[in-house]
Each structure stands twice: as C-alpha cells, then as structure tokens.
Amino acid sequence: MSDIKIIIFDDNESLRDSIAMLLQDAPGFTLVGSYSHCLDVIENIKDTKPDVVIMDIDMPGMNGIEGVKLIRGNFPAVQILMLTIFEDDEKVFAAIKAGADGYILKNAEPADLLNAITAVYSGGAPMTPGIARKVLHQFQAILPDEQKDYHLSAREKEVLSLLVDGLSYKMISGKLNITYDTVRAHIKKIYEKLHVASMTEAVAKAITEKLFPSK
C-alpha cells in the first residue's frame, strides 16, 4: 500500500513543523505540502495531489471553512480533516456543512492525529468525542417532525446503514462484496439525495431523521 499523501494549511509554523516531524517518523505517511494560508488552495492541491488535507480554521486572508468549500467543490475525492483549537458550536457546524470529513482538536495526542488521518483516508469520519456530541446535538435541534423520503435505492440504504454503523469504505466494500469505487459511487449518490457534503453530515442526518429507526 502506498503512503497517504498529506498537506497542511495552518498559520502556526511551529505546529506545522511538529506535524511534519511526526509524519516523517511515522511509516505510511508522506507530507507533500505545508502552507501558512489557503489563499492558493486550488493551485496547492493541483501541485501536490494529496489524499488528505489537514485544515486549520483561523488563518489570514481566507479562513479554513472557506478553504474547505473550495476543496470540496473542486476536488471531491480529497479527504479533509479539520485540526483546530475551536470547539464552539458555530465553527464546528460550519466546517461540517462546508464538507469537512473529520474534526479534531489541536490538543489531541500525536497517535490520535495519525489515527484520524488514517481513518479519514479510509472513508471514516473521525471526531474528538466532545465534537461528535456537539454535531449530533446540532442536528437534533433541526430534527423534522416527519421522516422525509429521500428516494434512496435499496443498495444506497444498505450502504448508508453501514456508514451509520461506523464502517469505512473498505469495510463496506468487503461486507457487500462490491468494489471500493462502487462504494464511492453509491456514497456520492447518497450525498446528492440527502443534500449533504460529507460523511459526517450524512450519518448525522440518518440518525437524527431516523432513516433507520431500528438503530
């Protein structure tokens, strides 16, 4: 298996250097870019072709949430992991709505950061436990009175159910005996039908709108 290619956007040079050293010493990871702002995010990603983007929120010129929107709109296959000091509801929710695939805090242990990178690369949605709770509370606050029909196919419901159970793309592929690319195609359709931009948002919507009442 080839290394996971990573780029970082954070205006804290010391933190960027620390993460660079962490990745350098950890097998299976390669840092292909490190930037103090995301004003040139599209060009940066075109140049480095990363698998995973580590994104801060508060940066000069353009904040990380706007950067996430640009990445999601232009590079839908790139996975985005927010790494920030912010854990207030507004910024967490804005990042998830913009299309972030995971959200952890900067005080996380180095091993937790490596695990989060691996998880988001594999199709997971890693979150600091407190952040995950906030996300569910946010969605519960907008829970509709009646269950909506999003016209998901039987296979799409099956894939979404497994996402809710916490399975990664690779695990879903094995369980349903379909290719990884087929899983991605189903999930892309699920995003379109649920009107969401990330796995975290899809799972939260499935839970709070009780798309799988038995769960």
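I'm calling a residue exposed when its relative accessible area is over 50%, buried when it is under 20%, and partly exposed in between. With that cut-off in hand I went to Asn177, which has a relative accessible area of 71% and is therefore exposed. One caution before going on: I'm looking at a predicted model.

**Asn177, continued.** I looked up where Asn177 sits, and found Asn177 in the loop between α8 (169-176) and α9 (180-194). I also checked the backbone there. Phi of Asn177 is near 60 degrees, so a positive value, in a residue that isn't glycine.

**Lys49.** Next I wanted another non-glycine with positive phi, and Lys49 turned up, at about 50 degrees. Lys49 belongs to the loop between α2 and β3. Is Lys49 buried or exposed? Its relative accessible area comes out at 55%, so by the over 50% cut-off Lys49 goes down as exposed.

**Overall build.** I then stepped back to the whole chain. I noted ten helices and five strands in the protein. The radius of gyration is 17 Å, close to the 17 Å that the globule rule gives for 215 residues, so I wrote the protein down as being as compact as a globular protein of that length. The C-alpha trace spans about 50 × 35 × 30 Å along the principal axes.

I checked the contacts too. Taking those between residues at least 6 apart in sequence, 67% join residues at least 24 apart.

**Surface and charge.** I get 47% of the 215 residues counting as buried. The protein exposes about 10700 Å², and carbon and sulfur atoms supply 51% of that area. For charges I have 23 positive and 30 negative side chains. The centres of those two sets lie 8 Å apart.

**Cores.** Nonpolar side chains tend to be buried together in soluble globular proteins, and I went looking for that here. The largest nonpolar core has 27 residues. Which of its residues touch the most other members? I noted Phe9, Ile45, Val53, Met55, Ile71, Met82 and Tyr103. The elements giving two or more residues to this core are β1 (4-9), α2 (41-48), β3 (52-55), α3 (64-74), β4 (79-84), α4 (89-98) and β5 (102-105). Of these, α4 gives the most, with four residues.

Leaving out residues up to four places away in sequence, Ile71 touches Val41, Ile45, Val53, Met55, Pro76, Val78 and Ile80.

**Asn74.** I also looked at Asn74, which lies in helix α3. Its relative accessibility is 42%, so I have Asn74 as partly exposed.

**Helix α10.** Last stop was α10 (residues 199-208). How many of its ten residues are buried? Nine are, and I'd call the helix mostly covered. The buried set includes the charged-type residues Glu201 and Lys205, and I also found Met199, Thr200, Ala202, Val203, Ala204, Ala206 and Thr208 in it. After α10 comes Lys210, where I noted a positive phi near 55 degrees.

Note on methods:
Residues are numbered from 1 along each chain as its sequence is written. This is a predicted model: local features need pLDDT of at least 70, side-chain atom pairs count only at pLDDT 80 or more; totals for chains, interfaces and linings use all residues. Side-chain values use heavy atoms; hydrogens and water are left out. A nonpolar core is a set of buried Ala, Val, Leu, Ile, Met, Phe, Trp, Tyr and Cys residues joined through side-chain atoms within 4.5 Å. Buried means under 20% relative accessible area, exposed over 50%, partly exposed in between (1.4 Å probe, protein chains only). Contact means heavy atoms within 4.5 Å. The radius of gyration is taken over C-alpha atoms; the globule rule is 2.2 Å times the number of residues to the power 0.38. Accessible areas come from the Shrake-Rupley method with a 1.4 Å probe; for residues, only the protein chains shown count as cover. The place of a charge is taken as NZ of Lys, CZ of Arg, CG of Asp or CD of Glu.
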